[in-house]
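Visitor: I am new to this structure and would like to learn how to read it. Could you take me through its features in turn?

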Amino acid sequence: KVKDSRGKEELERQLSQDELRTLHATYRLELSEHIEDCLKKLADHIPGFVYHNVMNNDGWGARITRDDLSLTPGKSAKSLYSRLELFVAPYSSKAPILEMVGKGTVRNREAVNRKNYQMLSEFDLDSFKEMVDLRVLEFAEVYTAE
């Protein structure tokens, strides 16, 4: 294990900032496309959700949102907001990682708030795609259970 950790440290030192930035951009592009595909499918399966691309200072990915109105006799109308947002954070030279952020709200209650990251030198795209699938499934289960 000590030999493995030394090898990883050496690999990280060998990768220049430009190479790390290029790696991040490559992974970010593939992962954000997967996020977009998954959220578009979810919006198609649960009527009322509106799909949005996310490209801002926070990162790249997608968001789905939905506003509902709760009407209870004898009470004032209540607005219920639901959303799921998944995005890849921008590259930072402070830490050579790829970070994925997931935030979800179901009817005004926080349902998902997770950050996952992995070193760029060890990045496993398939495992992150699976995490996207799990976040989408988790949100769908919480939303439909309400």
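Guide: Keep in mind that this is a predicted model. Begin with strand 1, residues 50-56, and strand 2, residues 59-70, which pair in the antiparallel sense over seven bridges.

Visitor: How many residues lie between strand 1 and strand 2?

Guide: Two residues lie between them, and the two strands form a hairpin.

Visitor: Which residues face each other across that pair?

Guide: Val50 has Thr65 of strand 2 as its bridge partner. His52 stands opposite Arg63, also in strand 2.

Visitor: Where do side chains point in a strand?

Guide: As a general idea, side chains in a regular strand alternate between the two faces of the sheet.

Visitor: What is the order of the strands in the sheet?

Guide: The sheet is open and has five strands in the order 1-2-3-4-5, with antiparallel pairing. Strand 1 and strand 5 (109-119) each have a single partner strand, so they stand at the edges with one side left without a neighbour in the sheet. On average, neighbouring strands of this sheet are turned by 15° against each other, direction ignored.

Visitor: Which helices pack on these strands?

Guide: Helix 2 lies across strand 1, strand 2, strand 3 (78-88) and strand 4 (97-106), and runs at about 20° to strand 2. Helix 3 packs on the sheet as well, where it touches strand 2, strand 3, strand 4 and strand 5. The direction of helix 3 makes about 175° with that of strand 5.

Visitor: At what angle do helix 2 and helix 3 pack?

Guide: Helix 2 (residues 17-45) and helix 3 (residues 125-145) pack at about 25°, and their axes are 10 Å apart. Angles under 35 degrees count as roughly parallel, and helix 2 and helix 3 are therefore roughly parallel to each other. Helix 2 passes helix 3 in a right-handed crossing.

Visitor: Which residues meet where helix 2 and helix 3 touch?

Guide: From helix 2 they include Tyr27, Leu31, Ile35 and Leu42. Among those from helix 3 are Phe128, Val132, Val136 and Phe139. The residues of this contact divide into twelve nonpolar, one polar and three charged.

Visitor: What pattern does the whole protein follow along the sequence?

Guide: The protein has three helices and five strands, and along the sequence they follow the pattern α-α-β-β-β-β-β-α. Of its 146 residues, 36% count as buried. Among contacts between residues at least 6 apart in sequence, 54% join residues at least 24 apart.

Note on methods: Residues are numbered from 1 along each chain as its sequence is written. This is a predicted model: local features need pLDDT of at least 70, side-chain atom pairs count only at pLDDT 80 or more; totals for chains, interfaces and linings use all residues. Side-chain values use heavy atoms; hydrogens and water are left out. Two strands pair if DSSP finds at least two bridges between them. Helices (H or I, at least four residues) and strands (E, at least two) are DSSP runs, numbered from the N terminus. Axes are lines fitted to C-alpha atoms, for helices over the stretch in contact, and angles run from 0 to 180 degrees between N-to-C directions. Angles under 35 degrees count as roughly parallel, over 145 as roughly antiparallel, 65 to 115 as roughly perpendicular and the rest as oblique. A crossing is left-handed if the near helix is turned anticlockwise from the far one by less than a right angle, and right-handed if clockwise. Contact means heavy atoms within 4.5 Å. Ala, Val, Leu, Ile, Met, Phe, Trp, Tyr, Cys and Pro count as nonpolar, Asp, Glu, Lys and Arg as charged, and the others, Gly among them, as polar. Buried means under 20% relative accessible area, exposed over 50%, partly exposed in between (1.4 Å probe, protein chains only).
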